[in-house]
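This report concerns one protein chain.

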Amino acid sequence: RSDLPDEGSRLVAITRTLFALEEAAEALLDANRQLVSGRLEVAADGPHLVMPMLARLRASYPGITVNLRLGNAQETLAALLSEHVDVAVLTEVEARPGLFLEELVNSRICALLPRQHPWCERNEGVPLEELDQQIMVLREPGSITRRTFDRACAEQGVQPRVLLELDSREAVTEAVAAELGVGVVSSLEVGNDPRVRAVPLVGPELTNRHLIGCLEKRRGLRVIRAFLELAAA
């Protein structure tokens, strides 16, 4: 029958709702018992914020098994909204009905430079306008860091020359270390690679908000509630 795919989609949605209700019932029954086991599905658009959270979860609840998905901003939000994960660490997500969000921290966009670049000595930062016509290597347009940088450049009339678009932070770091151009990176993602240095960019609209979120209807589940509490600690 031609309508089977639609029926299948509705059945999947109903099944997920039933599973959520079952988990809610289990959470209610377990409310007065210690959380000693369980499974948590987590998504994040980068490892730097989520890893300390997972360390705190393991220290407090060593019996919890975690599956972590790392992806870009769109993939992470989609995984949460489709209920493929329980909680997600997100960047620059707007409030919407049915979605619980809690702000964690703000980060700043930095220029990522080869270690011998003269801008590395600018502890006060690099004005955004100095990137006009500068050869750059950047993340793909789906990256939140890239989108924030592009928006700031557009508002200030800055037009960098993008030589390479890359799909990972690691690739950007390698390209910058090879002196293929200047990159951009979030201040939360600055590593310890001695070949490169991150220097803050100076200008408006160069910050990002990082949040943790879950579906409002699942917020009361014990394992999700425990993770949210630890994330905010």
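## Basis of the description

The model is predicted: local features need pLDDT of at least 70, side-chain atom pairs count only at pLDDT 80 or more, and totals for chains, interfaces and linings use all residues. Residues are numbered from 1 along each chain as its sequence is written, and side-chain values use heavy atoms, with hydrogens and water left out.

Leaving out residues up to four places away in sequence, Phe227 touches Leu40, Met53, Leu54, Leu57, Val87 and Ile212, where contact means heavy atoms within 4.5 Å.

## Salt bridges

The structure contains 14 salt bridges, each defined by a side-chain nitrogen of Lys or Arg within 4 Å of a carboxyl oxygen of Asp or Glu. One of them joins Lys217 to Glu83 at 2.9 Å, N to O. This pair links distant parts of the chain, 134 residues apart: Lys217 is in the loop between S10 and H6, and Glu83 is in the loop between helix H3 (73-81) and S3. Lys217 is exposed, at 52% relative accessible area, whereas Glu83 is partly exposed at 21%; buried means under 20%, exposed over 50%, and partly exposed in between (1.4 Å probe, protein chains only).

Arg209 forms a salt bridge with Glu92, with the closest N and O atoms 3.9 Å apart. This pair also links distant parts of the chain: Arg209 lies in strand S10 and Glu92 in the loop between S3 and strand S4 (99-114), 117 residues apart. Arg209 is partly exposed at 25%, and Glu92 is likewise partly exposed at 25%. In a further pair, the closest N and O atoms of Arg195 and Glu174 are 2.7 Å apart. Arg195 lies in the loop between S8 and strand S9 (196-202) and Glu174 in helix H5, so the pair ties together parts 21 residues apart in sequence. Arg195 is partly exposed at 36%, as is Glu174 at 42%. Salt bridges with shared partners join Glu92, Glu94, Glu103 and Arg209 into one network.

## Arg139 and its surroundings

Arg139 belongs to strand S6 (residues 135-139) and counts as buried at 11% relative accessibility. Beyond its neighbours within four places in sequence, Arg139 is in contact with Arg146, Leu166, Asp167, Ser168, Arg169 and Val172.

## A nonpolar surface patch

Ile135, Leu163, Leu164 and Leu180 make a nonpolar surface patch of about 310 Å². Patch members have over 30% relative accessible area and no salt bridge; like charges are joined within 9 Å, and nonpolar side chains (Val, Leu, Ile, Met, Phe, Trp, Tyr) within 5 Å. Accessible areas come from the Shrake-Rupley method with a 1.4 Å probe; for residues, only the protein chains shown count as cover. Leu180 sits in the loop between helix H5 (169-177) and strand S8 (183-186), and is partly exposed at 39%.

Methods. Helices (H or I, at least four residues) and strands (E, at least two) are DSSP runs, numbered from the N terminus.
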